[in-house]
Amino acid sequence: MSKKNEKQSNSTADRVLLLLQYIAKNRGGITLAQLVKDLNIPKSTAHRLLETLTNLDFIHLEEDTERYSIGLKTIEIGVSGLKNLDIVDVATPYLRELAQKTGETSFLSVYNEGSVVHLYKVEGTQSIRTTAELGMRRPIHCTAVGKAIASTLSLEEVDRILEEQGTPSFTKNTITDRQRFLDELSTIRLQGIAIDREEIEIGLTCYAVPVYNYTGRVAGAISIGAPTLRMKENHESNTILLKDAGLQISRWLGFVPNMRTNL
């Protein structure tokens, strides 16, 4: 392929991707005239590309309104790609960055049959003493990751878990009362972060946020843990960094923030 033809091919590919991205951002669809105006693409070029994409089902043309929207083929490709994503692979670089920026150990955990399981962790630069190990099952009612995940579940599901698993006390700070736990979940939904205040190990405080997938459902939670005094001293910065990491992981898993509403 000549350099001229290669440049033309790249230009066409760029325009196709630009069109798809812009159409996807407009929930109610968008007209040809608006696309031409907003993207500064010649009308004849835009019409030709849109016609090809429509014929291949990558976009859909609503005849009555003459608006273009994302087609089934584009959705199928996107969903197929998302299904092949592994949460550990997606989360790992963000956990590393989180550990590096905070200096604290970071964890990725998932929900499994009434408990949470630690799948991955990155050691921080600062020391920490904890009994938490990879593969270990932990209760939902006294761990930050457990509470973060529980805050996304329905009341019926939370009640079922509490009935089956109970709320055993591990320290004097463990929440064992059902109503207090439900109130705690309400606070987590409002603040966007779950905190384990020495509820499973004395001297250890953990922060956690849920991560979501392309269905809008919770996929797991990430957390950082450290001695209580250190976490209190860095509360604001740790909260910001953790929330940002959780959002980035969720977006990589296909999550769109307005997919969820508070329970």
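**Reading helix faces and strand pairs**

User: Which exposed residues sit on the face of α10 turned away from its buried side?

Analyst: Buried means under 20% relative accessible area and exposed over 50%, with partly exposed in between (1.4 Å probe, protein chains only). On α10, the face turned away from the buried side carries the exposed residues E236, I240 and W252. This is a predicted model, in which local features need pLDDT of at least 70 and side-chain atom pairs count only at pLDDT 80 or more, while totals for chains, interfaces and linings use all residues. Residues are numbered from 1 along each chain as its sequence is written, and side-chain values use heavy atoms, with hydrogens and water left out.

User: Which residues of α10 are buried, and why are they said to line one face of the helix?

Analyst: The arc is that of the directions from the helix axis to the C-beta atoms. In α10, the buried residues are N238, T239, L242, A245, G246, I249 and S250. Seen down the axis of α10, these buried residues fall within an arc of 140 degrees, so they line one face. They pack against α5 (87-102), β8, β9 and α9 (228-233), where contact means heavy atoms within 4.5 Å.

User: How should the length of α10 be read, and what follows the helix?

Analyst: The expected span is 1.5 Å times one less than the number of residues. For the 18 residues of α10 (residues 235-252) this gives 26 Å, which agrees with the 26 Å between the end C-alpha atoms. Just after α10, G254 takes a positive phi of about 95 degrees.

User: What does the corresponding reading of α8 give?

Analyst: Helix α8 (residues 178-191) has 14 residues and reaches 20 Å from its first C-alpha to its last, close to the 20 Å expected. Its buried residues are F181, L182, E184, L185 and I188. They cover an arc of only 155 degrees around the axis, which puts them on the same side of α8. The buried residues of α8 pack against α6 (144-150), α7 (155-165) and β7 (194-197). G192, with a positive phi near 75 degrees, follows α8.

User: How many helices and strands does the chain have?

Analyst: Both are DSSP runs numbered from the N terminus: helices (H or I) of at least four residues and strands (E) of at least two. The chain has ten helices and nine strands. Of its 263 residues, 41% are buried. Among contacts with a separation of 6 or more, 58% involve residues 24 or more positions apart.

User: Which strands pair with β9?

Analyst: Two strands pair if DSSP finds at least two bridges between them. Strand β4 (residues 105-112) runs antiparallel to β9 and is joined to it by five bridges, with T105 opposite G225 in β9. Strand β8 (residues 204-212) is also antiparallel to β9, over nine bridges, and C206 stands opposite G225. Strand β9 (residues 218-227) is mostly covered, with seven of its ten residues buried. Five residues lie between the strands in the hairpin of β8 and β9, where G216 takes a positive phi near 90 degrees.

User: Which strands pair with β3?

Analyst: Strand β1 (residues 30-31) pairs with β3 (residues 67-70) in the antiparallel sense over two bridges, and T31 stands opposite R67. Strand β2 (residues 59-62) pairs with β3, also antiparallel, over four bridges; there, S69 is the bridge partner of H60. The hairpin of β2 and β3 has four residues between the strands, and in it E66 takes a positive phi near 55 degrees.
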